Amino acid sequence: MAFSVVRFNLVAPHAAPDALAERYRAALAMAAYADGHGVDTVQTEEHHGVADNWLPSPFVFAGAVFGATRRIAVTVSAIIGPLHDPLRLAEDVAVLDLLSGGRLVTVAGIGYRPEEYEERGVDWGRRGRLQDELLETLLAAWTGEPFTYRGRTVRVTPRPLTRPHPTLLVGGSSKAAARRAARLGLPFFPSAHLPELEAYYRARCAEYGTDGWTMMPGRETPLLHVSEDPDRTWAKYGEHFLHEARTYASWQSKDIRSAVRSAATSVAELRAEGVYRVVTPEECAGLGLESLVLHPLCGGMPVEEGWRSLRLFCDEVLPGLRTP
């Protein structure tokens, strides 16, 4: 059976606070609905200072999801590691791990927007060293034992539930990210289907004498919206998909590789490209993908349309995939 994901980044261009509040509450209700229907994970992410209200606090959102659900995981993919205080992050993840019974998955990347670093007063040129420090600190902190941090002895409590530590992956599309993961004995999350980078990571694991594994997107990992009438949905709501696609494209340099990178400049181009797909329940069930990533509130999608997509996915697609 395909791994099932419901993604939320809470984007809502030009939304007033009351509309955003409604959207956040809807996302929690959707997460609870997904939880009750067997979806594997809620996926969320982190970006700062974006005009369209992109979610900046994924761990706060994750905590709310855990409070509204019983079994579903939350995958934060990804945090921008160097922007976080290592000790504070160690504490937050430990608390969420305890609160959720081990349902939190954290992917730590270094990001690709220099303006986010500038806004936080963090040196873009030191991002690699800061990421090393963050990951090393998390692993030491979660032992619950005293350790040396920036020249002083510190201790982080409480200890997390998950042993040896909460699920932590290193994200990225560079050899530097793969080396970092291998050196620390952490799993690697390539940001796209990059078999050659996965092979490089495994070779570095052998070199360092560490055990590792990869969580790599499939060759195709489209962002999905389920509709009984895809033509109508593209005509009425296509601009929401295009908004997100163009926003992502404006952030990414030619060196960034992403499973959801789009070159489209119009709704028609986006539909033909296939990175974002609107499919019927029957088409969704027949895609044959390793992962099905539903994006019900994409680009400011109206909440009622997001609910239609989620209900079709949970009620008509997932049951058929579970049938032997």
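Student: Is Gln43 buried or exposed?
Tutor: At 19% relative accessibility, Gln43 counts as buried, the cut-offs being under 20% relative accessible area for buried and over 50% for exposed, with partly exposed in between (1.4 Å probe, protein chains only). This is a predicted model, in which local features need pLDDT of at least 70 and side-chain atom pairs count only at pLDDT 80 or more, while totals for chains, interfaces and linings use all residues. Residues are numbered from 1 along each chain as its sequence is written, and side-chain values use heavy atoms, without hydrogens and water.

Student: And what does Gln43 touch?
Tutor: Leaving aside residues up to four places away in sequence, Gln43 touches Val5, Val6, Arg7, Phe8, Thr75 and Ser77, where contact means heavy atoms within 4.5 Å.

Student: Which strand is Gln43 in?
Tutor: Gln43 lies in strand S2, residues 41–44; strands (E, at least two residues) and helices (H or I, at least four) are DSSP runs, numbered from the N terminus.

Student: What order do the strands of the sheet take?
Tutor: Nine strands form an open sheet with parallel pairing, in the order S8-S7-S4-S3-S2-S1-S11-S9-S10, and two strands pair if DSSP finds at least two bridges between them. At the edges, strand S8 (188–190) and strand S10 (276–279) each pair on one side only.

Student: How many bridges join S3 and S4?
Tutor: Strand S3 (residues 73–80) and strand S4 (residues 104–109) pair in the parallel sense over six bridges, with Val74 standing opposite Leu104 in S4.

Student: Which strands does helix H11 touch?
Tutor: Helix H11 (residues 303–322) packs on the sheet and touches strand S1 (3–7), strand S9 (223–226) and strand S11 (291–294).

How values were computed
Axes fitted to C-alpha atoms, helices over the stretch in contact; angles between N-to-C directions.
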